[in-house]
Number of protein chains: 2
Amino acid sequence: MAHNTVVSWTEGMAFDVELDGHHFIVDADEQFGGRNKGPQPKGLLLSSLAGCTGMDVVSLLGKMKVPFDRFKLEIEGKLADDHPKCYTDILIRYIFHGAELDRGKIEKAVGLSVDKYCAVHYMLSKAANLRHEIVLNPD
Amino acid sequence: MAHNTVVSWTEGMAFDVELDGHHFIVDADEQFGGRNKGPQPKGLLLSSLAGCTGMDVVSLLGKMKVPFDRFKLEIEGKLADDHPKCYTDILIRYIFHGAELDRGKIEKAVGLSVDKYCAVHYMLSKAANLRHEIVLNPD
């Protein structure tokens, strides 16, 4: 099985991204000659990671019958100073809100994703240090 | 320096992605409980790669004064059969159209991106085999 993307230059530093039949724009920041018409491409690595492990966790918590009201992931990627300016450290925060959150089952679901199922986590962990935290009902 | 993304569950398998102040939706395919409201997250790795190296090449060709009419990147990522279903092989095609394309300079620009500047290429090459081709004025 294979995935495909087609990314077409439009003007300046902006490109049209086609993926799974959907389109969006990526662009550079103004200090790098772009016009900020869309997100910068490097950060998509972090969004890819969040979406991939987030879907694992939603699926696993559904099977475990763990209810939650809200769920979001905040990811911070620290960059190296020198070229290629890779992410050296990536912190994933899994943040849940709900009245009946079960920390043990949530930890199990997150663990299964990061240790077994999430291909993006696996790939990025070959190049950067990945850590995660689980936060329940923050203010 | 650091990058941040916030990815918030909306319903089903769909998440709202916030990156650099822009928003888009990621979703799963219908066979995995999604409704295909946006691209799937894993493929964003490929789009990230295309955008990152594409911007390098546009910037370098501008400095080299190499004109082109159109430029797109097609990327194919082959997936492993077993969990975690990573990309094992990634092929990047740099496709240019123009009357005055200079293959030598284009090869130099692409080479500088993949060997030196493109952080996404560097990171993914730790986990998969990456290859590239340059295609000038295809039919």
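The model is predicted: local features need pLDDT of at least 70, side-chain atom pairs count only at pLDDT 80 or more, and totals for chains, interfaces and linings use all residues. Residues are numbered from 1 along each chain as its sequence is written, chains are lettered from A and ligands numbered from 1 in the order in which they are written, and side-chain values use heavy atoms, without hydrogens and water.

The scores of the model are ipTM 0.97 and pTM 0.98.

Switch to cartoon. Chain A has three helices and six strands, in the sequence order β-β-β-α-β-β-α-α-β. Helices (H or I, at least four residues) and strands (E, at least two) are DSSP runs, numbered from the N terminus. Along the principal axes, the C-alpha atoms of chain A fill a box of roughly 50 × 35 × 35 Å.

Of its 139 residues, 53% count as buried; buried means under 20% relative accessible area, exposed over 50%, and partly exposed in between (1.4 Å probe, protein chains only).

**Two domains**

Select 1-39 and then 41-136 of chain A, which are domain 1 and domain 2 in the domain assignment. Such bounds come from an automatic or database assignment. The C-alpha centres of the two domains of chain A lie 24 Å apart.

**A:Ala28**

Next, select A:Ala28, in the loop between strand S3 (22-26) and helix H1 (44-64) of chain A. A:Ala28 counts as buried because its relative accessibility is 7%. Leaving out residues up to four places away in sequence, its contacts (heavy atoms within 4.5 Å) include A:Met13, A:Arg35 and B:Met55.

**A:Lys65**

Move on to the loop between H1 and S4 of chain A, where A:Lys65 is placed. Its phi is near 60°, a positive value in a residue other than glycine. With 72% relative accessibility, A:Lys65 counts as exposed.

**The cis peptide bonds**

Select A:His83 and A:Pro84: the peptide bond between them is cis, with omega near -15°. A:Pro84 lies in the loop between strand S4 (70-79) and strand S5 (87-97) of chain A. In chain B, the bond from B:His83 to B:Pro84 is also cis, with omega near -15°.

**B:Asn137**

Finish at B:Asn137, in the segment after strand S6 (129-136) of chain B. B:Asn137 has a positive phi of about 50° although it is not a glycine, and at 39% relative accessibility it counts as partly exposed.
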